[in-house]
Amino acid sequence: MMEQGGTNKAKTMIVQAPESMLRVRKTKLLVISGPLQGQEFLITKDVFSMGSGMHNDLRLEDASISKRHCEITVDEEGYRIQDLDSTNGTYVQGIRVTQAYLNPGAELTLGKTRLIFCPMQESQDIPVSTQEAFGGVLGKSLAMRRVFHLVETYSGSDASVMLTGETGTGKEILAEEIHRHSPRRHKPFIVIDCAALAKDLIESELFGHTRGAFTGASGERSGAFEHADGGTVFLDEIGDLSLDLQPKLLRVLEKREIRRVGSNDVRRVNVRIICATNRKMDVEVNEGRFREDLFYRLSVVPIELPPLRRRREDIPMLVRKFITQLHGPQAVKDLVDFDATMEVLKRHEWPGNVRELRNLVDLAFYNAKRPVDLSSFLSMGQFNRRAAEKESPFAVTADRPFKDVKNEIVTEFEKRYLQDLLARNDGNVPKSAKDSGIERAALQRLLKKYDL
């Protein structure tokens with residue numbers, strides 16, 4: 001696959017604007033052949049995804065198109081299309097590309113569908129921050145400066161914030177910074193992980209309970225909303241909140257009051273809610289797993305944190321930050337050829353995002369060998385997961401008894417599956433059990449078996 005440029009023409013999509021503004025021409029995609037022929041789709045989002053899966057902004061029902069096939073983003077150079085490791089590829093002007101800036105009139109081919117990239121005369125302004133940090137969150141990329149603009153604008157308000165983005169992008173850290181930059185900074189910041197708590201406990205964790213409300217409730221207990229009175233409640237993995245609890249959370253948002261489990265007494269609370277999820281919440285709403293009215297009350301300020309692969313220019317500053325936190329600013333000198341190493345790291349796909357980058361730095365610097373070659377550690381374990389996934393997972397030969405080969409393959413499959421399952425859920429065993437369909441006790445036995 002080729003990586004295409006076309007930057008000079010693509011820059012015609014950018015209109016001169018102040019430093020705090022990215023002004024781009026509005027665009028649309030015109031389908032000229034395929035199942036949706038004749039239809040037009042406006043590109044109105046920072047990241048416009050296309051594929052056969054339900055989660056895409058433009059869904060193309062075609063067996064030759066991958067679920068997440070490609071996406072179009074906008075930056076200082078213009079509109080850029082990027083193939084998402086699709087099976088049959090993304091084509092621009094008949095050439096298969098990994099990524100390319102789109103010139104006006106460019107023809108895109110995805111499976112049986114052909115589209116024309118059509119700029120419009122009107123322009124739209126995308127405000128960005130002039131800062132390269134928001135508290136402890138760093139980033140000079142356009143994608144992060146967009147995020148910084150939103151949090152600078154709304155941190156001082158009481159508006160509910162919904163943080164979305166892949167696992168490891170730093171949603172909890174940003175939520176803490178929003179709290180620290182708000183008038184509530186001197187009051188509590190309470191974290192509730194909706195995925196980690198058992199369904200029969202989360203209501204008590206949120207709202208508290210009275211004595212005798214359920215088996216084991218030996219006394220009165222206040223919940224997260226009472227503890228956070230005057231401050232902020234951060235609800236992580238909000239997409240995992242059960243349907244029967246959603247009306248009670250809606251009541252908190254609308255009336256600022258709660259009822260403890262087992263009580264009819266109403267208690268007033270003064271809290272701000274920030275929530276986070278790695279799910280596509282519009283899909284959760286469409287499929288009836290999340291209340292639409294609650295979704296809109298929670299996402300007054302929606303903020304999507306970009307994956308690290310969309311902010312590669314931030315990698316050097318993040319590496320410096322992590323090394324400094326571990327060993328002080330002088331430790332950066334322990335790296336082998338900093339600039340060359342950063343170029344290697346920028347080419348990595350980072351499926352674990354910023355958390356994966358930090359783990360890489362931790363792993364490398366806790367090793368006694370000096371100088372440190374960060375890039376050499378990319379070949380270890382989870383850092384090479386994407387490369388491993390692309391290879392044939394098992395080599396099968398008939399040079400040994402069937403039973404022996406089968407047992408080896410089953411063992412290797414179980415170990416790899418569990419490693420990836422834990423990595424996707426940040427080591428959260430209850431969530432891993434839920435996602436995999438394995439009973440928690442059985443999953444714990446398997447983890448013990450493989451020393452995971």
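1. In this predicted model, five strands form an open sheet in the order E16-E17-E20-E15-E21, and their pairing is parallel. Strand E16 (189-193) and strand E21 (301-304) are the edge strands, each of which pairs on one side only. On average, neighbouring strands of this sheet are turned by 20° against each other, if direction is ignored.

2. At one end of that order, strand E15 (residues 161-164) runs parallel to E21 and is joined to E21 by four bridges. Within this pair, Thr 164 stands opposite Glu 304 of E21.

3. Helix H2 (residues 142-154) lies across strand E20 (272-277) and E21, and runs at about 150° to E21. Helix H3 (residues 171-180) also packs on the sheet, where H3 touches E15, E16, strand E17 (232-236) and E20, with a direction that makes about 155° with that of E15.

4. The buried residues of H2 are Leu 142, Ala 143, Met 144, Arg 145, Arg 146, Val 147, Phe 148 and Val 151.

5. Is Arg 260 buried or exposed? This residue lies in the loop between strand E18 (257-259) and strand E19 (266-268), and Arg 260 counts as buried because its relative accessible area is 10%, under the 20% cut-off. Its side chain makes a polar contact with the side chain of Glu 226, at 2.9 Å. Leaving aside residues up to four places away in sequence, Arg 260 touches Phe 207, Gly 208, His 209, Thr 210, Glu 220, Arg 221, Ser 222, Glu 226, Asp 265 and Arg 267.

6. For the protein chain as a whole, the model contains 15 helices and 21 strands, and buried residues make up 46% of its 452 residues. Among contacts with a separation of 6 or more, 62% are between residues 24 or more positions apart. The chain exposes about 22,800 Å², of which carbon and sulfur atoms supply 49%.

Conventions. Residues are numbered from 1 along each chain as its sequence is written. This is a predicted model: local features need pLDDT of at least 70, side-chain atom pairs count only at pLDDT 80 or more; totals for chains, interfaces and linings use all residues. Side-chain values use heavy atoms; hydrogens and water are left out. Two strands pair if DSSP finds at least two bridges between them. Helices (H or I, at least four residues) and strands (E, at least two) are DSSP runs, numbered from the N terminus. Axes are lines fitted to C-alpha atoms, for helices over the stretch in contact, and angles run from 0 to 180 degrees between N-to-C directions. Contact means heavy atoms within 4.5 Å. Buried means under 20% relative accessible area, exposed over 50%, partly exposed in between (1.4 Å probe, protein chains only). A polar contact is a pair of N or O atoms within 3.5 Å; within protein, one must be able to donate a hydrogen and the other to accept it, and residues adjacent in sequence count only if both atoms are side-chain atoms. Accessible areas come from the Shrake-Rupley method with a 1.4 Å probe; for residues, only the protein chains shown count as cover.
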